Amino acid sequence: APDYIRAISPYQPGKPTSELAREMGIPEAGIVKLASNENPLGMGARAREAVVAALSGSARYPDGNGFALKSALSRRFHVDPERIVLGNGSNDVLELVARAFLGPGRSAVFSRYAFAVYPLAVNAVGARGIEVAAKAYGHDLKAMAAAIVPDTRVVFIANPNNPTGTFLSGEDIEAFLAQVPADVLVVLDEAYTEYLDPARRYDSLAWLAHYPNLLVSRTFSKAYGLAGLRVGYGIAHPDVADLMNRVRQPFNVSSVALAAAEAALGDEEFLAQTARINERGMMQITDALRRLGLEWIPSAGNFVTFKAGDSARINAALLRQGVIVRPIGSYGMPEWLRVSIGLPEENARFIAALEQALD
Ligand code: PMP
């Protein structure tokens, strides 16, 4: 393998519930996993029905162009289907960006503490990552604009960011777009955008008309509750979408996933319920962190990152009580733990376990 492949450190996913259940000798149902920012409600009823209906056709290849899902996205967001690229999760969209626009001799800019897949995708194609120092654990857009060099072709921005939950306003992002050279693609990763408070929302898709170098990336893994099915999408200028489609696997999204995503997209009630559960759970957990005297980073997503101090010890104590959260030492935040917002009773289990861990 080339040296740039050998230099990659693998992505560290959350510990699977089955693994901890086996270690503890208890059934999986006894484990609370709040580690991967999934929707604690699971899949919505409409998506579930669509999955069952799609199973009968799944001996055949899926529609490689995802016509029905792209049409549904096109209607929902008022964008031309030619602007849409479907991915096997939005991770796939990020990788397609790297494959289409990066390579040896090119660089990509991203922030410290930003989503871990950016450096992975960049390094996997032999390009150079330029990591920019963070500002209050979030993106420093001024510094990111200044970090762009002549061989830079991509800038990654996560808004809200994972794992810090930090948020940039629409005005700040628009001002950034105006500063970026036209030959640099700005990837605006909005994996958690459905969780935003309505007062903070901004219309990134409207910017596409002025910025042919913008790609908005979104996913069905978080608020839509389809993490296990793997569907994400990018929306960009048709030429950008075309280049990404050239390097895409022909059948990168399964037929079951396509059907589920299309159904989930129309399930406004499920999205609204998801937002309510998240808002309440966020209060439940941050109230407890305040009571316990722990520092946390205000989060616009469905998770919150808090300072645990000796996080290895706290994490081990949580695991012993059957609670899985996410250590983020690999993000360069060894004292912090990230907890995903769960159902009220799951949050309560986490809070009780944390109290005991701190004792
Ligand atoms: N972007 C961000 C910021 C994320 O946190 C995640 C999930 N951890 C993703 C993209 C990718 O998620 P998926 O591939 O499931 O769409």
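Two strands pair if DSSP finds at least two bridges between them. Helices (H or I, at least four residues) and strands (E, at least two) are DSSP runs, numbered from the N terminus. The legends below refer to a predicted model, in which local features need pLDDT of at least 70 and side-chain atom pairs count only at pLDDT 80 or more, while totals for chains, interfaces and linings use all residues. Residues are numbered from 1 along each chain as its sequence is written.

**View 1. The open sheet of 4 strands, in the order β9-β10-β13-β12.**
Pairing in this sheet is antiparallel. β9 and β12 (326-327) are at the edges with a single partner strand each, so one side of each has no neighbour in the sheet. Strand β9 (residues 296-297) is joined to β10 by 2 bridges, and these two strands form a hairpin with 5 residues between them. β10 is joined to strand β13 (residues 336-340) by 5 bridges, and β12 to β13 by 2 bridges. Strands of a sheet pair through backbone hydrogen bonds, either parallel or antiparallel.

**View 2**
F306 in β10 stands opposite W296. F306 also has a bridge partner in β13, L337. R326 has R338 of β13 as its bridge partner. Of the 5 residues of β10, 4 are buried (a residue is buried if 20 or more other C-beta atoms lie within 10 Å of its own, exposed if 12 or fewer, and partly exposed in between; C-beta atoms are placed from the backbone).

**View 2. The two domains and the side of domain 1 that touches domain 2.**
The protein chain is divided into domain 1 (3-42 + 269-358) and domain 2 (45-266), with bounds that come from an automatic or database domain assignment. Their C-alpha centres lie 24 Å apart. Contact between the domains involves 28 residues of domain 1 and 25 residues of domain 2 (two residues are in contact if their C-beta atoms, placed from the backbone, lie within 7 Å). On the domain 1 side, the elements that give two or more residues are α12 (268-291) and β10 (303-307). α12 gives the largest share, 4 residues. By class, this side of domain 1 has 15 nonpolar, 11 polar and 2 charged residues (Ala, Val, Leu, Ile, Met, Phe, Trp, Tyr, Cys and Pro count as nonpolar, Asp, Glu, Lys and Arg as charged, and the others, Gly among them, as polar).

**View 3. The shell around the ligand.**
The ligand is surrounded by 13 residues (a residue is near a molecule if its C-beta atom, placed from the backbone, lies within 6 Å of it). The closest are G89, S90, N162, T219 and S221. The shell divides into 4 nonpolar, 8 polar and 1 charged residues.

**View 4. K222 and its contacts.**
K222 is listed by UniProt, in an unreviewed entry, for "modified residue: N6-(pyridoxal phosphate)lysine"; such annotations may be inferred rather than shown by experiment, and UniProt positions are given in the numbering used here, with feature names shortened. K222 is placed in the loop between β7 (214-219) and β8 (232-235). K222 counts as buried because 28 other C-beta atoms lie within 10 Å. Apart from neighbours within four places in sequence, K222 is in contact with N37, N39, A191, Y192, E194 and N302. The unreviewed UniProt entry also lists residues 31-351 for "domain: Aminotransferase class I/classII large". Over residues 31-351, the chain is 39% helix and 17% strand, with end C-alpha atoms 14 Å apart.

H139 is in the loop between β4 (128-132) and α7 (141-147). H139 is buried, because 29 other C-beta atoms lie within 10 Å. Not counting residues up to four places away in sequence, H139 touches S111, A114, M144, I157, N161 and L168. In helix α6 (residues 117-124), the buried residues are V117, Y118, P119, A121 and V122. These pack against α5 (90-101), β3 (107-111), β4 and β5 (152-158). G126 follows α6 and has a positive phi, near 80°.

**View 5. A146 in helix α7.**
A146 counts as exposed, because the number of its C-beta neighbours inside 10 Å is 12. The C-alpha atoms of A146 and V180 are separated by 9.4 Å, and the two residues are 34 residues apart along the chain.
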